[in-house]
Amino acid sequence: MPSAFAPGKCILFGEHAVVFGHPAVAVAIDQGVRVSVEASDRWKLEGSSFEPSRHPHISHIIRNIFQYSGPPLDIDVDSSLFSAAGMGSSAALSNAFGAAMHAHLNPDEELDAVKLAKMAHSAEATAQKGRASPTDTATSALGGCVVVSGSEVPGTRHVFDTSLKTPEGSREWSINVVDIPQGIGDAWLVIGYSGTGSPTGRMVAKVAKLISEVPERMEEMEAIANITRAGLAALSAGNLEGLGMAMDACHESLRKLEVSSSKLDRMVNAARPHSMGAKLTGAGGGGCMVALTHDPTRVSEAIEVAGGRPLMSRLGAQGVRFL
Ligand code: PMV
């Protein structure tokens, strides 16, 4: 039975600033979504009857991408990600389902990760009223460390460009990768889930309102862009202390943009004594924080004591793959 796994993601730098054209840096994580498909006598999803309107990503891939008209399918999904928490669970689902469908329909054809990333991005856009950044889908498809920006980013390797017609006009992105040096292998990310969802649209609107009311806050976007550049240079050089310092600085900028919460701050503060750096990750409000550490067990315990749910991951897991 064709089965594929696609990783989730965690944003290291650049959330919110990326909305204003600055780069964002994301890494694929060990947790993700596994999907398998097989022909069946009726349409099934996770053992129950499949209702297309309730699963827009899957329906879009079946109808619009593969234009599938074969026998009904039994689709099995297994996720180790928290959903609606900024971990890219819908992107991982789209990539894993797209890959499993590809293997089911074209068993002898290799998988093209860039094609898959574009396909999953179109599924995200369809499900989100035409608005979707390619960060989650590209990171999940390519794996490793991905830099998304309005233009090519020095010190990175350009992989592809992508665009989307949104209700606000056409948007274009450059997708780049950074090789994670071997020396970083003994460091861990511990992701702490706050227990509440991360409302991306609401947090992006909140930042836009803050900037229209207090235009000086736009300086924080420049500050995040500088931190992102410094953090990327540290990551490329295998400089974990520098990487952690940049993560701490990024959290302070995000706090000034008022996208942190008392729960996220509590988890970040609990992780810091045992970490090289810690910050909220993604849109904020709720969702997750992330810490960089050599002691993932201690950091997980500290996050639990602060009321969060921890997940441990290496930096930059492999992208989508068949199982
Ligand atoms: O929590 P997430 O993964 O949805 O992060 C969103 C990142 C933002 O910069 C806040 C929004 C965006 O579209 O890039």
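This report walks through the helix packing and strand pairing of one predicted model.

Let's start with H1 and H2. H1 covers residues 56-65 and H2 covers residues 89-105, and their axes come within 10 Å of each other, crossing at roughly 30 degrees. Angles under 35 degrees count as roughly parallel, and H1 and H2 are therefore described that way. Their crossing is right-handed. On the H1 side, the contact uses His57, Ile58, Ile61 and Ile62, while H2 brings Ser90, Leu93, Ser94, Phe97 and Gly98. Sorted by class, this contact of H1 with H2 has five nonpolar residues, four polar ones and no charged ones.

H2 also packs against H4, with the axes 8 Å apart and an angle of about 50 degrees. That angle makes H2 oblique to H4. The crossing of these two helices is right-handed. Here Ala91, Ala92 and Asn95 of H2 meet Asp136, Thr137, Ser140 and Ala141 of H4. The contact of H2 with H4 divides into three nonpolar residues, three polar and one charged.

H4 (residues 135-142) has H3 (residues 113-127) as another packing partner, at an angle of about 150 degrees and with the axes 8 Å apart. Such an angle makes H3 roughly antiparallel to H4. H3 passes H4 in a right-handed crossing. From H3 come Ala113, Val114, Ala117, Ala120, His121 and Glu124, and they meet Asp136, Thr137, Ala138, Ala141 and Leu142 of H4. By class, the contact of H3 with H4 holds seven nonpolar, two polar and two charged residues.

**A closer look at His102**

Back in H2, we find His102. Burial requires a relative accessible area under 20%, and His102, at 11%, is therefore buried. Leaving aside neighbours within four places in sequence, His102 is in contact with Phe66, Pro107, Glu109, Glu110, Leu111 and Phe322. As for Pro72, 30 residues from His102 along the chain, the two C-alpha atoms are separated by 16 Å.

**Strand pairs**

On to the strands. In general, the strands of a sheet pair through backbone hydrogen bonds, in either a parallel or an antiparallel sense.

| Strand pair | Sense | Bridges |
|---|---|---|
| E6 (residues 145-149) and E8 (residues 169-178) | antiparallel | five bridges |
| E7 (residues 157-166) and E8 | antiparallel | nine bridges |
| E10 (residues 277-281) and E11 (residues 288-293) | antiparallel | five bridges |
| E9 (residues 188-193) and E12 | antiparallel | five bridges |

E8 pairs with E6 and also with E7. E7 and E8 form a hairpin, with two residues between the strands.

E10 and E11 make a hairpin too, this one with six residues between the strands, and Gly282 in the turn has a positive phi of about 90 degrees. Across this pair, Leu280 stands opposite Met289 in E11. E10 is mostly covered, as five of its five residues are buried.

**The four-stranded sheet**

In what order do the four strands of the open sheet lie? The order is E10-E11-E9-E12, and the pairing is antiparallel. E10 and E12 (309-313) are at the edges with a single partner strand each, so one side of each has no neighbour in the sheet. From one strand to the next, the twist averages 20 degrees.

H7 (residues 240-256) lies across E10 and E11, running at about 45 degrees to E10. H9 (residues 296-305) packs on the sheet too, where it touches E9, E11 and E12, and the direction of H9 makes about 160 degrees with that of E12. So E10, an edge strand of the sheet, has H7 lying across it, whereas E12 at the other edge is touched by H9.

Conventions:
Residues numbered from 1 in each chain as written. Predicted model: local features only at pLDDT ≥ 70, side-chain atom pairs only at ≥ 80, totals over all residues. Heavy atoms only, no water. Axes fitted to C-alpha atoms, helices over the stretch in contact; angles between N-to-C directions. Parallel < 35°, antiparallel > 145°, perpendicular 65-115°, else oblique. Left-handed = near helix turned anticlockwise from the far one by under 90°. Contact = heavy atoms within 4.5 Å. Nonpolar A, V, L, I, M, F, W, Y, C, P; charged D, E, K, R; others polar. Pairing = 2+ DSSP bridges. Buried < 20%, exposed > 50% of the residue type's maximum accessible area, 1.4 Å probe, protein only.
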